[in-house]
Amino acid sequence: MSRVINLNNPTKIRNQNRRSIAEILRRLSQKPQMDAEAQDMAASLVFLLREIDAGIKQSVEAWEKRGYWMKAERFLRDWEWVAETAANMEDVIRHEAWDLLPDLLGELFPRFADIQLKTMTRSADLWRGNYQRLLAEPPSELPW
């Protein structure tokens with residue numbers, strides 16, 4: 001019997017989501033006002049950040065099983081901002097405090113500055129309808 005290899009490991013998913021977030025940030029920064037598409041994009045950031053956070057936790061659990069406590073702790077510390085940022089963005093979206101969104105996006109930009117965007121590869125299908133999807137969910141608990 002051969003070994004089963006999971007091609008969708010947390011690192012690959014995290015990198016894909018980081019690329020998607022970088023593209024959405026660039027597109028959002030070019031928007032003159034908060035229209036329906038911008039709201040969908042902002043909600044997509046929440047979903048992508050949540051997915052990154054889930055992958056972080058999955059990686060940390062795997063390292064802890066192997067006894068890599070220091071590596072797991074350092075990795076967790078490096079990525080602790082993700083859950084908090086997702087919760088803050090969700091709070092802004094749910095309360096329609098759109099005037100606070102530029103500050104949150106400004107905090108996100110440096111975290112994705114290492115991603116080079118020569119061409120936009122993500123289509124609008126990535127974020128279409130995510131605003132309504134987020135509002136349909138029960139509010140998530142804050143991580144702290």
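I take contact, or touching, to mean heavy atoms within 4.5 Å.

**Ground rules.** I note that this is a predicted model, in which local features need pLDDT of at least 70 and side-chain atom pairs count only at pLDDT 80 or more, while totals for chains, interfaces and linings use all residues. Residues are numbered from 1 along each chain as its sequence is written, and side-chain values use heavy atoms, with hydrogens and water left out.

**Entry 1, the whole chain.** I looked up the secondary structure and found six helices and zero strands, where helices (H or I, at least four residues) and strands (E, at least two) are DSSP runs numbered from the N terminus. The C-alpha trace spans about 50 × 35 × 30 Å along its principal axes. Of the 144 residues, 39% count as buried; here buried means under 20% relative accessible area, exposed means over 50%, and partly exposed lies in between, with a 1.4 Å probe and protein chains only. I also looked at contacts with a separation of 6 or more, and 80% of them join residues 24 or more positions apart.

**Entry 2, charges.** I found 21 positive and 22 negative side chains, with the centres of the two sets 11 Å apart. Lys and Arg count as positive and Asp and Glu as negative, while His and the chain ends are not counted; each charge is placed at NZ of Lys, CZ of Arg, CG of Asp or CD of Glu.

Helix 1 covers residues 10-29, and its 20 residues reach 28 Å from the first C-alpha to the last, close to the 28 Å expected, a span defined as 1.5 Å times one less than the number of residues. Among its buried residues I noted Arg-18, Ile-21, Ala-22 and Leu-25. The cover over the buried residues of helix 1 includes helix 2 (36-65), helix 3 (69-78) and helix 5 (101-108).

A nonpolar core is a set of buried Ala, Val, Leu, Ile, Met, Phe, Trp, Tyr and Cys residues joined through side-chain atoms within 4.5 Å. The largest one has 39 residues, and those with the most contacts inside it include Ile-21, Leu-45, Leu-108 and Phe-112. Two or more residues come from each of helix 1, helix 2, helix 3, helix 4 (81-94), helix 5 and helix 6 (130-136), and helix 2 gives the most, with 13 residues. I then followed Phe-112, which touches Arg-18, Ile-21, Ala-22, Leu-25 and Trp-81, leaving aside residues up to four places away in sequence.

Leu-108 is in helix 5 and counts as buried because its relative accessibility is 1%. Not counting residues up to four places away in sequence, Leu-108 touches Leu-25, Leu-45, Trp-81, Thr-85 and Met-89. With the sequence neighbours up to four places away left out, Thr-85 touches Leu-49 and Leu-108.

Most residues other than glycine have a negative phi. Glu-96, however, has a phi near 50°, a positive value. Glu-96 sits in the loop between helix 4 and helix 5, and I record this residue as exposed because its relative accessible area is 52%.
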